[in-house]
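Please consult the sequence and the coordinates alongside the text.

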Amino acid sequence: MFVASAPTRARTYAQRRARPATNSARAPQRWRCAATSGDVPPTDDDAGDTAVRRGAFFGRFLRGRPGQTRRRMDRVPEPETACACGSGRAYSRCCMPVHTGARPAADAEGLLRARYAAYVYRLPGYLMRTTSKNNPDYTDDWGLWEAEILEFCDSYKFLGLELIDVSYASPDVCFIQFLVRLARNSAPGFFIERSRLTVERGKWLYASGKLISYDMSFA
Ligand SMILES: [Zn+2]
C-alpha cells in the first residue's frame, strides 16, 4: 500500500502482505522493527557495513551508488543535535542512550519516539530488538528484515513525528496514535498509525500497529 512506489524489492514484499487499501488497512510494513540469523538481532554498531544493491535505493535520499558499501549508522547525528523524535531535547539526553542500550525506553511514548528516531538515523538493530516476537510482522530472518528497514530508511525523508493520542489500557499495555510526515522525491506524504506497545520482561516493545489513514502517493 503506502509502499506502492517503493523500490522493486520492497514492492514485492509489500504485495505479498497486501491488504485492501481501506482505512483499516495494516500498518505500513516498513514501520515495523527487523535483522541476520543467530539468537540475537544484530546491534547497530557491529557488522556495520551494508552493500547498496542494484535495483534498490534509487531515491534522492540515496547518498551511495549501487555496489557501494555504506555504514549503517551514517545518519547518526552529533550528540548535541536536537533529537529527531521532536522532544526538543538534545540527542544525547533523549533517544541516544536508548539506542545505544545504555538504558531502555522509560515508557511507551519513549519507545515510540526512539523507534521513529531509529528510522531517521538508520538503526535497524534497535528497531528489530524492540519488536515483540508476538508482533505479526516479527521474523527470525533478520538479514531480510534489516534489508527492508534500510531500504525504507533510504527511500524517504522523514519530516516529523506527532503524537495524536496516548492511552494506557493497563500499566503494561499502551496504545499510541501518531502521525508521521515524510517525503519522497520532494513530494510530501504522511501516515497515521495506532500502535500497541506492551511490556515484556520489563521492557516496552512494539506489539502491533494498525494503519488508520495515509497518503503515500507522493504525487
Ligand atoms: Zn528523542
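Ile192 is located in strand β5; helices (H or I, at least four residues) and strands (E, at least two) are DSSP runs, numbered from the N terminus. The model is a predicted one: local features need pLDDT of at least 70, side-chain atom pairs count only at pLDDT 80 or more, and totals for chains, interfaces and linings use all residues. Residue numbers start from 1 along each chain as its sequence is written.

Ile192 is partly exposed, because 17 other C-beta atoms lie within 10 Å. The classification is as follows: a residue is buried if 20 or more other C-beta atoms lie within 10 Å of its own, exposed if 12 or fewer, and partly exposed in between, with C-beta atoms placed from the backbone. Leaving aside residues up to four places away in sequence, Ile192 touches Ile164, Gln177, Leu179, Ile212, Ser213 and Tyr214; contact requires C-beta atoms, placed from the backbone, within 7 Å. Of Ile192 and Leu179, the C-alpha atoms are 4.4 Å apart in space, although the two residues are 13 apart in sequence.

## Fold and sheet

The chain contains five helices and six strands, arranged along the sequence as α-β-β-α-α-α-α-β-β-β-β. Of its 219 residues, 39% are buried.

An open sheet is formed by four strands in the order β3-β4-β5-β6, with antiparallel pairing. Its edge strands, β3 (157–170) and β6 (203–215), each pair on one side only. On average, neighbouring strands of this sheet are turned by 20 degrees against each other, direction ignored; the axes are lines fitted to C-alpha atoms, and angles run from 0 to 180 degrees between N-to-C directions. Strands count as paired if DSSP finds at least two bridges between them. For β5 and β6, the antiparallel pairing extends over 11 bridges, and Thr198 has Leu205 in β6 as its bridge partner.

## Core and helix α3

The largest nonpolar core has 46 residues, of which Cys85, Cys95, Ala117 and Leu197 touch the most other members. Such a core is a set of buried Ala, Val, Leu, Ile, Met, Phe, Trp, Tyr and Cys residues joined through C-beta atoms within 7 Å. Two or more residues each come from α2 (96–100), α3, α4, α5 (142–155), β4, β5 and β6, and the largest share, 10 residues, is that of α3. Beyond residues up to four places away in sequence, the contacts of Leu197 include Ala108, Leu111 and Leu112, as well as Trp204 and Leu205.

Helix α3 is largely enclosed by the rest of the structure, because 12 of its 14 residues are buried. Among the buried residues of α3 are Ala108, Leu111, Leu112 and Ala117. At 1.5 Å a residue, α3 should span 20 Å, in agreement with the 20 Å between its end C-alpha atoms; the expected span is 1.5 Å times one less than the number of residues.

Ser186 is exposed, because 8 other C-beta atoms lie within 10 Å.

Key. Two residues are in contact if their C-beta atoms, placed from the backbone, lie within 7 Å.
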